[in-house]
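Me: I would like to go through this model and ask on what grounds each label is given. Please set each value against its cut-off.

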Amino acid sequence: MSEYLHSRQRGAVRVLTIDRPDSKNALHGPLRNALCETIADAARDDTVRAAVLTAVDPVFSAGVDYKQLAAVASSPEINPAAAARAARKPVICAVNGACVSGALEIALSCSFIIASERARFADTHALLGVVPTWGLSALLPRAVGIRAARQMSITGAFVDADTALRFGLVNHVVPHKDLLPFTPRLGSDGAQSRRSGAGLTAVRPALRLRCRSVRCL
């Protein structure tokens with residue numbers, strides 16, 4: 001476990017919490033490594049039926065930490081979005097605040113997304129002059145449609161939680177105080193028995209997003 005990522009068990013649900021608030025929970029190398037390792041560990045653990053990924057307030061994540069751009073460029077294999085897609089159990093993203101670029105790619109790679117009323121989503125890759133490499137160019141249009149995806153990517157403008165729900169980007173919008181009670185409970189709904197847990201494990205790979213333009217595994 002990492003100082004930047006905390007893990008706790010709530011019944012059959014593993015809750016992973018990003019904790020790097022001084023940097024807006026930006027995804028630097030150690031945090032990316034920790035995400036990959038803990039998601040894979042949850043997927044292997046027979047006591048875990050689903051995982052929830054969230055972050056300490058007030059931001060979900062500002063995306064890749066470009067202050068460490070050189071380290072990021074030299075380590076492309078450290079890809080938490082791919083780890084979420086590869087998991088053979090549901091990974092539910094509980095977005096508590098701003099979710100930007102690389103963080104949006106991770107969220108889109110999860111089984112589904114629950115948004116706090118304070119959540120906001122943006123793709124700022126074009127504004128920064130960088131190319132998304134974790135699958136956003138395929139995943140975002142699949143989620144919201146090509147025109148909404150173009151609007152988000154070209155303008156870099158934030159989309160609020162209600163608009164994200166209307167676009168189909170998120171599954172639910174809940175009051176901020178209810179985000180963590182609601183999301184683990186949603187994960188545990190399908191984990192009440194070994195039989196249902198096994199069913200979830202079998203369904204997840206079947207629904208895994210696959211596209212030639214995205215390295216999903």
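**Grounds for the labels**

Reply: Strand E6 (residues 112–116) runs parallel to E4, and four bridges join them. Within that pairing, Cys93 stands opposite Ile113 in E6. This is a predicted model, in which local features need pLDDT of at least 70 and side-chain atom pairs count only at pLDDT 80 or more, while totals for chains, interfaces and linings use all residues. Residues are numbered from 1 along each chain as its sequence is written, and side-chain values use heavy atoms, with hydrogens and water left out.

Me: What makes E4 and E6 a pair of strands?

Reply: Strands are DSSP runs of E with at least two residues, helices are runs of H or I with at least four, and both are numbered from the N terminus. Two strands pair if DSSP finds at least two bridges between them. E4 and E6 have four bridges, so they count as paired. Strand E3 (residues 50–55) also pairs with E4, in the parallel sense and over three bridges; there, Ala51 has Val91 of E4 as its bridge partner.

Me: Why is strand E4 called mostly covered?

Reply: Buried means under 20% relative accessible area, exposed means over 50%, and partly exposed lies in between (1.4 Å probe, protein chains only). Five of the five residues of E4 (residues 91–95) are buried. Val91, Cys93 and Val95 lie on one side and Ile92 and Ala94 on the other, and both faces are covered. Over the protein, 53% of the 217 residues count as buried.

Me: Which strands stand at the edges of the open sheet, and what makes them edges?

Reply: The sheet has three strands in the order E5-E7-E8, with mixed pairing. Strand E5 (98–100) and strand E8 (159–160) each have a single partner strand, so one side of each is left without a neighbour in the sheet. E5 runs parallel to strand E7 (residues 120–122), joined by three bridges, and Val100 stands opposite Ala122 in E7.

Me: What makes a set of residues a nonpolar core, and how many residues has the largest one?

Reply: A nonpolar core is a set of buried Ala, Val, Leu, Ile, Met, Phe, Trp, Tyr and Cys residues joined through side-chain atoms within 4.5 Å. The largest has 46 residues, and Phe121 and Leu169 have the most contacts inside it. A second, separate core of eight residues includes Val13, Ala94, Val174 and Leu179. Contact means heavy atoms within 4.5 Å. Not counting residues up to four places away in sequence, Leu169 touches Leu104, Leu108, Ile113, Phe121, Leu140, Ala143, Val144 and Ala164.

Me: What covers the buried residues of H6?

Reply: The cover includes helix H3 (80–86), helix H4 (102–109), H5, helix H7 (146–155) and helix H8 (161–167). The buried residues in H6 include Leu136, Leu139 and Leu140. Just after H6, Gly145 takes a positive phi of about 95°.

Me: Which residues with a positive phi are not glycine, and are they buried or exposed?

Reply: Among them are Lys24, with a phi of about 55°, and Ser101, with a phi of about 50°. Most residues other than glycine have a negative phi, and most peptide bonds are trans. Lys24 has a relative accessible area of 54%, which is over 50%, so it is exposed. Ser101 has 3%, which is under 20%, so it counts as buried. Lys24 is in the loop between strand E2 (13–18) and helix H1 (29–44), and Ser101 is in the loop between E5 and H4.

Me: Where is there a cis peptide bond?

Reply: A cis bond joins Asp57 and Pro58, with omega about 5°. Pro58 is in the loop between E3 and H2.
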